[in-house]
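Me: I have a model open and want to learn how to read its surface. Can you walk me through it?

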Amino acid sequence: MTGPLDLRVLVLLLAGAFTGYVAYRHPAVGTAVLVSVGVVTLLYLLLGSGQSGGPPPP
């Protein structure tokens, strides 16, 4: 893995752990696992792969 990917993985893990802890401490927020998976998935989609998203080259 390269530098930016390592940072992305660290951010995803920290965000998932933090939201899981908050959801665990406050059950009204939601199920800890569901909230953690949702946040990690959203951040993964927002961070993307670093590409422009255009069509693939011919």
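**Reading the surface**

Reply: Start with one residue. Leu14 has a relative accessible area of 55%, so it is exposed. The cut-off for exposed is over 50%. Keep in mind that this is a predicted model.

Me: Where does Leu14 lie?

Reply: Leu14 is part of helix 1, which covers residues 3-25.

Me: Which residues make the nonpolar surface patch with Leu14?

Reply: A patch groups nonpolar side chains within 5 Å, each residue having over 30% relative accessible area. Here Leu7, Leu10, Val11 and Leu14 form one of about 370 Å².

Me: How do I read Leu47: what does its relative accessibility make it?

Reply: Between the buried and exposed cut-offs, under 20% and over 50%, a residue is partly exposed. Leu47 has 38% relative accessibility, so it counts as partly exposed. Leu47 sits in helix 2, residues 32-47.

Me: Which residues is Leu47 in contact with, leaving aside neighbours within four places in sequence?

Reply: Contact means heavy atoms within 4.5 Å. For Leu47, the partners beyond those neighbours are Arg8 and Leu12. Take Arg8: 39 residues separate it from Leu47 in sequence, yet their C-alpha atoms are 7.6 Å apart in space.

Me: Now the whole protein. How many helices and strands does it have?

Reply: Two helices and zero strands.

Me: What share of the residues counts as buried?

Reply: Of 58 residues, 12% count as buried. The protein exposes about 4700 Å². Carbon and sulfur atoms supply 73% of that area.

How values were computed:
Residues numbered from 1 in each chain as written. Predicted model: local features only at pLDDT ≥ 70, side-chain atom pairs only at ≥ 80, totals over all residues. Heavy atoms only, no water. Patch = residues over 30% accessible without salt bridge, like charges linked within 9 Å, V, L, I, M, F, W, Y side chains within 5 Å. Areas by Shrake-Rupley, 256 points an atom, 1.4 Å probe, with all protein chains shown as cover. Salt bridge = Lys/Arg side-chain N within 4 Å of Asp/Glu carboxyl O. Helix = DSSP H or I, 4+ residues; strand = E, 2+ residues; numbered from the N terminus. Buried < 20%, exposed > 50% of the residue type's maximum accessible area, 1.4 Å probe, protein only.
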